[in-house]
Amino acid sequence: MRSVRRLLREPLGVFGLALVLLVIFGAIFADLLTSWDPTRINPRDRFLGPSTDHLLGTDQLGRDLFARVLHGGRIALYVALVSTAISLAIGIVLGLIAGYGPRWLDNLLILLFDAMKSFPTVMLALALVTITGPSLTAVIVVVILVNVPGYARIVRTQTIAIKTSEFVTAAQSMGASTTRILRVHIMPNVIGPLVILASMDIPVVIAIEAGMSFLGLGVRPPTPSWGSILNDGFGQIRETPWIAIAGGLPIIITTLGFTFLGETLRDVFDPRLKGR
Amino acid sequence: MSTLSISGLNVYFSTEDGPLHALKDVGFDVPERRIVGIVGESGCGKSTLINAILGLLADNGDIRSGEIVFEGMRDLTKLSARGMQDLRGLRISTVFQDPMGALNPVLSVGRQMTNIQYRSGQSHSEKVARAIEMLKLVRIPDAENALARYPHQFSGGMKQRIAIAMALMMEPALLIADEPTTALDATLEVTTIELLKDLQEKIGCSVLFISHHLGVIAELCDDVVVMYAGEVVERGTVRDVFQRPSHPYTRRLLECDPARQTQRTRVLPTIPGEIPDLRARPAGCVFAARCLDRHDGCDQHQPERSVSGGHAVRCNLVGSRQTQGEQA
């Protein structure tokens, strides 16, 4: 609770939290906030500018952009949460194995992590989509492949540092099994910094999703995604700039919100900065 | 029946330069309800011995021969990893040297004290009650509220007492204390020793107490085992060994104890020389190279000789030089 109070004392943290809550609120209550169907095509209302009827205007197919943005937020948050959760789970397991397991396995896993890290994200996305075709699952898999090596490395380093500490030896000499030591003693020491890192990675994940959808590698039309809205508006940016703005603004708001929140969280939870 | 009975224990470590004979023909008993002290300088194999008993030798360590019989029936050297794991913490528990590191810094003391009872099959409130009871037993003030606190909020002496409480929580038959007072200051050392003795009597367990502090051994222990370079050179009751030290090494060790100095000197006495290279053990007495009483007989294998009932020594001078030893 002290941490929450500290967070609320930081203006940047409050601002970030407000932006994040705004996006989450918009995604959850999308159906209540607008009566427009985000996928219904309305050829007579093409390229309408922002008005009280269409808050952010309409796109080249006459779809309401406000509804598309709100529903696109669902996709963005869904990808961010699901892929981050899976990345964390895989990263923790692989990191613990590498850090606590035999040396050869450690070397093998590190080699694997380095190999995965060496692919540029776009290349990885292109290669995968060539095989599977564009889909939301492909986006999630790419994000996992990009995130897991980093998380696993952090967990591995922490595990190696902690496994030689005396309380682990003590636990061993008191009959604790390997799984028990990993679960009870090493996990709690590892999880804190990792969660903060993951919260700072969320804007990156959202950008990857938007980027892949922009390139047509992610969400398939007519499902709305911020990246695909941006792509729709990209061609007509001189004549009807509101389409590109409708796609770009939520990306900016969300990434800024999560970045501010993540950075403040890091400062609040960093024990070295405590009591300052 | 002895709680722990070690005989003919030989432990080797494989190193890049060949096998290292860390423990040679180690044998002694830890009788029921007695406190046995192990004394010796750094590198004499005290920690290797503990790890061998606990079945936690490093991967390159190997028990070549010997028996470690626990409670008269189970040979710990032949027990499976699983069987050993079930004994550790329930029947054999350990207290370590460094109280700062023995507790997990990110978990509250209460969490750790209830966690450690995971094999008891009791409800959470019973475990909490047991934890509070143990904290009171080791005289932690305000035990109820202490459970919510984290290790860094306690002093070193309190942390060591909490570690002792955790070790004795399951009422083990044998407590192994690995230099538990070395990291504490002199005042705390005395109270910790008294506490340990008190608890040992209450619980009725045996204690294997490792220390290089002779005063502590004399104060606390019933029996003492003197180790040098991985061998037991002398063992017996504290009274026998401290009053009639029969091995030259024991005598020199006692002479070097600052507490026994009668004259003020600028330099504390030491034993010249170093422990022999354990990769190439001498065939005869291990202490011969540093011994003042060395003679030709020292190059032969030294069997354990009995001085009196329960007092044994690995030195061929026993008998002939014994009277001189008493005078010294």
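Q: What is the mean pLDDT of chain B?
A: This is a predicted model, and pLDDT is the predictor's confidence in each residue, on a scale from 0 to 100. In chain B, 97% of the residues reach 70 or more. The mean pLDDT of chain B is 87.

Q: Which residues of chain B have a pLDDT below 50?
A: Where pLDDT is low, the predicted coordinates should not be read in detail. Chain B has a stretch below 50 with 8 contacts in the model beyond near neighbours in sequence (a contact needs C-beta atoms, placed from the backbone, within 7 Å). That stretch is residues 320-328.

Q: What pLDDT do local features need here?
A: Residues are numbered from 1 along each chain as its sequence is written, while chains are lettered from A and ligands numbered from 1 in the order in which they are written. In this predicted model, totals for chains, interfaces and linings use all residues, side-chain atom pairs count only at pLDDT 80 or more, and local features need a pLDDT of at least 70.

Q: Is the crossing of helix 4 of chain A and helix 7 of chain A right-handed or left-handed?
A: The axes of helix 4 (residues 65-100) and helix 7 (residues 136-163) of chain A come within 6 Å and cross at roughly 35°. For helix 4 and helix 7 of chain A, the crossing is right-handed.

Q: Why is helix 9 of chain A called roughly antiparallel to helix 11 of chain A?
A: Helix 9 (residues 178-214) and helix 11 (residues 241-269) of chain A pack with their axes 9 Å apart. Angles run from 0 to 180 degrees between N-to-C directions, and those over 145 count as roughly antiparallel. The pair is roughly antiparallel because the angle is about 170°.

Q: How many residues of the contact of helix 9 of chain A with helix 11 of chain A are nonpolar?
A: The contact includes A:Ile196 and A:Ile206 of helix 9, and A:Phe258 and A:Leu265 of helix 11. Ala, Val, Leu, Ile, Met, Phe, Trp, Tyr, Cys and Pro count as nonpolar, Asp, Glu, Lys and Arg as charged, and the others, Gly among them, as polar. By that division there are 6 polar, 2 charged and 12 nonpolar.

Q: Which helix gives the most to the side of domain 1 of chain B that touches domain 2 of chain B?
A: The domain assignment of chain B gives domain 1 (2-91 + 172-327) and domain 2 (103-171), whose centres, taken over C-alpha atoms, are 31 Å apart. Each of the two domains gives 13 residues to the contact. On the domain 1 side, 6 residues come from helix 7 (residues 186-203) of chain B.

Methods: Helix = DSSP H or I, 4+ residues; strand = E, 2+ residues; numbered from the N terminus. Left-handed = near helix turned anticlockwise from the far one by under 90°. Parallel < 35°, antiparallel > 145°, perpendicular 65-115°, else oblique. Domains from an automatic or database assignment.
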